[in-house]
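Load the coordinates and keep the selection panel at hand. The stops below are in viewing order, and each begins with what to select.

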Amino acid sequence: MNDTLAGLLQVGALIAALALCYRPLGSYMAHVFTTERDLRVERVIYRLVGVDPRADQAWKTYAVALLAFSFAGVVLLYAVQRLQSGLPWSLGFPEVAPDLAFNTAVSFVTNTNWQAYSGEATMGHLAQMGGLAVQNFLSAAVGLCVAVALIRGFARSHTGRLGNFWVDLTRGVIRILLPLALVAAVVLILLGVVQNLSGGVDVSTLSGGNQTLPGGPVASQEAIKELGTNGGGFFNANAAHPFENPGAVSNLFEIFLLLLIPVCLTRTLGEMVGDLRQGYAILATMTVIWVVMLAAVWAIEAAHPTAAYDLAGSAMEGKETRFGVPGSSLYAVSTTGTSTGAVNSFHSSFSPVGGGLLMLNMGLGEVAPGGVGTGLYGILVMAILTVFIAGLMVGRTPELLGKKLRAGEMKLVALNILTMPLLVLGFTGLALALSGPRESILNAGPHGLSEVLYAYMSGANNNGSAFAGLSANTPFFNITLGVAMLAGRFIPIILTLALAGALSKQATVPRTSGTLPTNGPLFVGMLATVVLIVAGLTFFPALALGPLAEGL
Amino acid sequence: MSTLTEPTTPAADESPVADTSRRVGGGLLDPRTLVTSLPEALRKLDPRVLVHTPVMFVVEVGAGLCTVLAILDPSVFNWAITVWLWLTVVFANLAEAVAEGRGRAQAATLRRAKTETTARRLLASGQLEDVSATALRIGDHVVVEAGQIIPGDGDVIEGVASVDESAITGESAPVIRESGGDRCSVTGGTKVLSDRIVVQVTTNPGESFIDRMIALVEGASRQKTPNEIALNILLSSLTIIFLAATVTLKPLAIYSGADQDLLVLVALLVCLIPTTIGALLSAIGIAGMDRLVQHNVLAMSGRAVEAAGDVNTLLLDKTGTITLGNREAAEFLPVETVAAAVLADAAQLASLADETPEGRSVVVLAKRSYGLRERSEGELPGLTFVPFSAQTRMSGVDLGEREIRKGAASAVTAWVRERGGQTGEEVGTIVDAIASSGGTPLVVAEQRHDEPARVLGVIHLKDVVKEGMRERFEEMRRMGIRTVMITGDNPLTARAIAEEAGVDDFLAEATPEEKMALIKREQEGGRLVAMTGDGTNDAPALAQADVGVAMNTGTSSAKEAGNMVDLDSNPTKLIEIVEIGKQLLITRGALTTFSIANDVAKYFAIIPAMFGGVYAGLDTLNVMRLDSPESAILSAVIFNALVIVALIPLALRGVRYRPSSAASMLRRNLAIYGLGGVVAPFIGIKAIDLLVSTIPGIG
């Protein structure tokens with residue numbers, strides 16, 4: 001079997017598996033977020049924490065709860081890292097430096113999992129499991145909450161209430177993420193991923209040398225890392241490490257995991273707004289972008305434009321031979337199209353244009369299919385923008401799912417769309433303008449520019465993958481990337497919740513033949529085009545000086 | 001009453017009849033107006049004015065910056081860019097100035113009607129005093145006689161007069177204004193042609209109808225509409241994104257060893273930000289109002305025009321809108337023993353003196369169907385007409401030996417029985433059939449000398465649906481608009497007419513309260529409602545409706561309650577108003593799409609020009625094979641400026657609108673303005689480059 005065929009079969013199997021889960025998981029999530037009944041364990045939690053699960057919150061209350069919860073997470077994670085040496089299971093690692101601890105705490109709470117450190121060489125098991133892995137669940141659940149709140153904004157009318165953050169959070173963790181992660185971890189163990197609590201085993205190699213084989217609760221962390229589109233690897237090499245991702249099957253399974261919830265959430269959307277076709281249309285848009293990106297990256301990587309590539313037969317530098325070009329491209333496009341950021345190959349070693357496409361894929365706002373929850377609310381915001389521009393062309397005040405898009409709504413959408421590009425371009429420009437940060441750049445010329453651009457693209461979009469080469473563990477990068485992650489995560493969240501609040505106050509306009517249909521192929525094409533054009537126009541100059549300058 | 005003083009109204013002689021300029025053709029843009037609007041366009045360069053248009057303000061700041069740079073470092077290229085950046089701003093101002101200029105011509109006409117008038121105020125004592133019209137206050141009574149100008153808006157409280165309202169409606173046929181009822185309102189500036197009326201003033205000076213009209217057409221009171229605000233927010237945010245992209249390009253370029261002149265970055269910025277729609281946005285809005293005025297509709301706010309595009313439900317009064325004002329005879333249905341021609345003849349005779357439209361229609365039908373010539377009274381000896389009275393509920397004619405009656409079934413059958421006649425079941429059957437089909441039966445009977453009276457047959461009177469209404473409603477349905485017919489008829493009649501006209505729904509035996517309830521019901525379901533009305537009892541509903549079009553013939557309270565006034569008083573115009581509202585939004589959307597789509601080509605022109613020197617690979621992006629970096633950048637800037645001028649006619653005329661479903665409309669507009677917007681600049685920039693590259697210092 002040649003590489004291409006194997007790759008196509010992998011894509012086919014992936015799509016089939018997702019299709020199989022689409023309806024049951026999507027409907028299940030819709031049920032989870034609409035049912036009135038609490039599980040006993042949830043009731044216990046509500047009583048312990050002291051929240052009234054039936055309290056329907058306005059957007060501000062919802063947002064304040066969400067922010068307070070996330071802020072507490074940052075403080076806690078920061079403390080665990082700073083006090084590491086005094087805590088159990090530290091494996092003897094010292095406390096983490098303040099700027100790195102800030103960066104890491106923010107990184108995990110924002111679902112970014114940017115790692116400016118090497119996991120196995122910096123964090124003990126408590127920090128990894130009790131701190132980082134916990135945030136892997138919680139940050140993903142927070143994303144789910146925002147998506148569900150926005151769906152409710154569309155589905156409800158005349159209320160202004162978006163549900164209860166604490167209930168959504170608890171249910172998201174207990175009923176969705178935990179069970180799925182449990183199943184996924186077991187499957188990963190079966191596929192050969194390591195799972196123990198040992199600090200590492202010293203072995204003598206065949207050649208007579210000594211080597212430490214690190215161990216740890218890898219499979220459990222791997223499961224939620226993919227499922228929650230987190231991406232923070234147990235090992236520095238992330239999913240390229242054989243203990244995290246032993247072979248082609250585990251590779252495919254991990255890709256499946258990171259696409260699973262974002263894909264199925266479109267079904268949840270369809271069910272909760274009472275229009276399944278709307279869910280399909282959003283999914284179709286995500287799929288179109290994903291397929292276009294995959295085809296482009298794959299084709300570019302499989303081609304070998306320079307002499308250096310000719311030696312390997314294709315652009316294999318930085319890729320694992322057990323995954324090959326298709327397995328690496330599939331993983332790379334999926335991880336940058338979601339906000340996962342896990343990698344099984346080194347994006348810096350992709351051909352320049354291929355790497356540029358991965359950057360653009362993040363620059364799209366990570367909507368194909370995007371992170372857990374973030375992908376859905378991200379693309380819904382883009383859908384509003386699309387409807388607003390194109391919808392005017394049918395001669396009505398633009399509306400999406402029966403909600404009119406007027407100045408108030410558009411203000412929130414405009415700010416939302418502004419946030420990420422401003423962070424990415426602003427910090428990239430700043431880093432390149434200052435001589436200190438420029439020293440972190442490994443390669444000269446356009447590739448060096450790509451290293452910096454990629455870092456901020458990854459940070460502001462809460463992706464977390466890195467373009468190898470940049471020495472990011474410096475106070476400047478730790479702090480600016482930390483700010484980019486925080487702002488890139490929470491500003492859109494606040495704006496999205498405000499938008500949801502405004503939408504839920506409106507009456508729902510009945511659909512007529514004069515309404516712009518938003519659940520058909522025309523809309524899918526339009527939305528995909530707007531997503532591509534907006535990001536393309538925003539980042540074209542920067543990409544021209546990085547990947548394009550290097551590759552053309 | 002005191003002696004009447006001769007009116008001394010300077011405007012009285014030069015009667016302010018609207019000239020033809022009031023009805024400017026839709027899409028005609030006289031190139032001369034571009035020139036005449038130039039001074040105004042230059043005046044608008046004032047930053048304090050321009051700051052309200054954020055996109056163009058950014059261009060102006062950029063142009064100012066470039067001027068400084070060009071002075072410091074003069075070169076053909078630098079000056080060429082600077083000049084064209086200034087031209088971009090001027091062209092944008094020109095678009096607005098041209099749109100406003102058209103309104104100003106109309107305002108001038110209106111102003112002539114407003115020239116200082118002397119009013120004759122009626123004092124409590126019954127005395128008349130001459131005062132300036134501007135001294136009139138709400139509640140004052142004034143006397144206006146033939147040949148005088150009505151000094152202010154008000155209601156007629158005494159008398160009846162024919163009034164020339166051409167100053168505001170453009171319609172030269174005089175209208176009747178009388179006290180009481182729904183025709184009591186008069187507008188200041190119109191001229192009384194006959195008789196004498198006493199008017200109670202209802203507005204203070206400066207707030208009158210004409211004042212508001214002038215302000216509206218001049219755009220002075222123009223406020224940004226909700227959609228315009230939303231669009232402005234979007235355009236501003238795009239501007240900020242592109243500002244970030246160009247500002248940060250400076251350090252990126254320095255890092256790359258390809259530092260860029262500030263001037264080039266400004267040129268890039270101006271090309272990227274949505275200048276096309278930014279420049280034309282306010283012109284589109286003004287032109288939209290203007291189009292309404294050309295249709296003789298005054299919108300009190302731009303908000304109402306936009307709402308018209310969104311309307312989901314149209315409430316249309318049956319009479320006058322869906323049907324012709326009056327019922328017409330449609331058919332003669334004789335009883336079995338009588339020939340149809342006999343019935344027609346009798347019906348015609350009975351209707352000769354009946355001057356009501358219904359009566360006339362019987363005469364017409366008899367002539368049309370049976371060739372019965374209309375006879376004049378003199379031809380028939382011994383003719384006595386029996387007029388209709390509320391007691392007898394019938395009318396007719398006595399011809400000596402022969403008496404003919406027509407009227408309501410119960411009245412005429414009673415008359416027949418009184419005179420010894422029989423009324424068979426047959427008549428009842430015919431009458432019921434007509435009634436259940438929504439028509440009105442008129443029974444015709446006769447009595448010849450000494451014979452028992454007998455029923456001849458029944459005239460079927462029915463409402464005549466205006467021609468083409470079914471098709472209009474079909475279009476409405478395609479546009480997603482539900483039409484509801486409002487009528488005072490019984491449900492049976494209403495249903496029959498509704499079916500014939502093709503409306504979606506009807507409200508029968510409608511009272512003002514029910515109408516109001518219907519509007520509220522629709523609005524609760526999230527629908528926008530439009531309606532027309534003229535009577536005082538329509539006022540609450542007009543105010544409640546999202547688009548309330550008051551007829552100019554209506555009462556002042558109706559006009560006050562509605563947010564539009566139709567000067568032609570043609571209720572059917574609601575449909576056109578909806579179309580104009582839609583066209584306004586479509587034009588905005590189309591030009592926004594076009595503007596954004598343009599950016600693709602501009603990148604392909606400018607980025608290779610900026611960096612092709614350092615990274616030769618980027619020159620492959622120069623797909624247009626533009627001559628030199630300078631010519632590429634200049635061509636993009638020139639295209640960006642010229643496209644504004646090229647699109648002014650479209651902005652003023654509006655994108656062509658044909659009623660169709662949203663999906664097909666979208667597909668069509670996307671193809672033209674989306675795809676066209678991507679392709680057009682490639683061609684345009686290349687063409688300009690061919691010219692520009694011949695300039696020494698550029699090519």
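Select α6 and α9 of chain A: α6(A) passes α9(A) in a right-handed crossing, meaning that the near helix is turned clockwise from the far one by less than a right angle. Helices here are DSSP runs of H or I with at least four residues, strands are runs of E with at least two, and both are numbered from the N terminus. Helix α6 covers residues 125-155 and helix α9 residues 248-272; they pack at an angle of about 25°, with their axes 10 Å apart. That makes α6(A) roughly parallel to α9(A); angles under 35 degrees count as roughly parallel, over 145 as roughly antiparallel, 65 to 115 as roughly perpendicular and the rest as oblique. The axes are lines fitted to C-alpha atoms, for helices over the stretch in contact, and the angles run from 0 to 180 degrees between N-to-C directions.

Show side chains next. Leu144(A), Val148(A), Ile151(A), Arg152(A) and Ala155(A) of α6(A) meet Ile261(A), Leu265(A), Leu269(A) and Met272(A) of α9(A), where contact means heavy atoms within 4.5 Å. This contact has eight nonpolar, no polar and one charged residues. Ala, Val, Leu, Ile, Met, Phe, Trp, Tyr, Cys and Pro count as nonpolar, Asp, Glu, Lys and Arg as charged, and the others, Gly among them, as polar.

This is a predicted model, in which local features need pLDDT of at least 70 and side-chain atom pairs count only at pLDDT 80 or more, while totals for chains, interfaces and linings use all residues. Residues are numbered from 1 along each chain as its sequence is written, chains are lettered from A and ligands numbered from 1 in the order in which they are written, and side-chain values use heavy atoms, with hydrogens and water left out.

Among the contact residues are Val146(A), Leu150(A) and Phe154(A) of α6(A), and Tyr377(A) and Leu380(A) of α14(A). By class the contact has nine nonpolar, two polar and no charged residues.

Now go to the loop between α13 (352-363) and α14 (374-391) of chain A, where Pro369(A) sits. A cis peptide bond joins Ala368(A) to Pro369(A), with omega about -5°. Then select Thr229(A), in the loop between α8 (218-227) and α9 of chain A. Thr229(A) is not a glycine, yet its phi is positive, about 45°.

Move to Arg54(A) and Asp38(A), whose side chains form a salt bridge (3.2 Å, N to O); the term requires a side-chain nitrogen of Lys or Arg within 4 Å of a carboxyl oxygen of Asp or Glu. Arg54(A) lies in the loop between α2 (40-49) and α3 (59-82) and Asp38(A) in the loop between α1 (3-32) and α2, so the pair ties together parts of chain A that are 16 residues apart in sequence.

Which residues form the salt bridge between the chains? Select Lys404(A) and Asp310(B): their closest N and O atoms are 3.4 Å apart. The count between chain B and chain A is one salt bridge. The contact takes 60 residues from chain B and 59 from chain A.

Finish in chain B with α23 (residues 573-611) and α24 (residues 629-653), whose axes come within 10 Å and cross at roughly 170°. That makes α23(B) roughly antiparallel to α24(B).
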